[in-house]
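Biologist: Could you walk me through this one before I set anything up? I would like the contacts of individual residues as well as the overall picture.

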Amino acid sequence: MTAIELTGSDRVGLLSEVFAVLSDLKCDLVESKVWTHNKRISSLIYLKDCESGCPINNSHKIESIELD
């Protein structure tokens with residue numbers, strides 16, 4: 001699996017938007033852990049590629065995940 005970390009300001013609907021973007025990028029969510037405290041969010045998200053079922057190794061795809 002590929003692990004990504006998300007940190008920042010929490011707001012209503014944030015995780016829904018994040019997971020929608022990951023779905024559009026053909027990422028399959030395997031597991032996530034989310035913490036919130038004082039209007040901040042921290043999350044570990046474990047993904048795999050929808051098409052291959054393998055960890056995401058394509059540097060262009062990883063870069064697009066980071067930018068979105």
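Modeller: Contact here means heavy atoms within 4.5 Å. With that cut-off, and leaving out residues up to four places away in sequence, T2 touches I45, Y46, L47, P55 and I56. Please keep in mind that this is a predicted model.

Biologist: Where does T2 sit, and is T2 buried or exposed?

Modeller: T2 belongs to strand β1, which covers residues 2-9. T2 counts as buried because its relative accessible area is 15%, and the cut-off for buried is under 20%.

Biologist: What does the side chain of T2 reach?

Modeller: The side chain of T2 reaches the backbone nitrogen of I56, at 2.7 Å, and I56 is also among the residues that T2 touches.

Biologist: Let me step back, what is the secondary structure of the chain?

Modeller: The chain has two helices and three strands, and along the sequence they follow the pattern β-α-β-β-α. The radius of gyration is 12 Å, close to the 11 Å that the globule rule gives for 68 residues, so the chain is as compact as a globular protein of that length.

Biologist: And what does the C-alpha trace span along its principal axes?

Modeller: The C-alpha trace spans about 40 × 20 × 15 Å along those axes. Of the 68 residues, 22% are buried, and the accessible surface comes to about 4,800 Å², with 50% of that surface belonging to carbon and sulfur atoms.

Biologist: How much of the contact set comes from residues 24 or more positions apart?

Modeller: Among contacts in the chain with a separation of 6 or more, 52% are between residues 24 or more positions apart.

Biologist: How far apart are the mean positions of the positive and negative charges?

Modeller: The chain has 7 positive and 11 negative charges, and their mean positions are 6 Å apart.

Biologist: What about D10, where is it and what is it in contact with?

Modeller: D10 is in the loop between β1 and α1 and, apart from its neighbours within four places in sequence, is in contact with T36, K39, R40 and I41. D10 counts as partly exposed because its relative accessibility is 33%. From C-alpha to C-alpha, D10 and H37 are 8.7 Å apart in space, while in sequence they are 27 residues apart.

Biologist: You mentioned K39, what is its phi?

Modeller: K39 has a positive phi of about 65 degrees, although it is not a glycine. Most residues other than glycine have a negative phi. K39 is in the loop between β2 and β3, and K39 counts as exposed because its relative accessibility is 71%.

Biologist: And what is the phi of K26, and where is K26?

Modeller: K26 also is not a glycine and has a positive phi of about 65 degrees, and its place is in the loop between α1 (14-24) and β2 (27-37). K26 counts as partly exposed because its relative accessibility is 44%.

Technical notes
Residues numbered from 1 in each chain as written. Predicted model: local features only at pLDDT ≥ 70, side-chain atom pairs only at ≥ 80, totals over all residues. Heavy atoms only, no water. Helix = DSSP H or I, 4+ residues; strand = E, 2+ residues; numbered from the N terminus. Buried < 20%, exposed > 50% of the residue type's maximum accessible area, 1.4 Å probe, protein only. Polar contact = N/O pair within 3.5 Å; in protein donor to acceptor, adjacent residues only side chain to side chain. Rg over C-alpha atoms; globule rule 2.2 N^0.38 Å. Areas by Shrake-Rupley, 256 points an atom, 1.4 Å probe, with all protein chains shown as cover. Lys, Arg positive; Asp, Glu negative; His and termini not counted. Charge placed at Lys NZ, Arg CZ, Asp CG, Glu CD.
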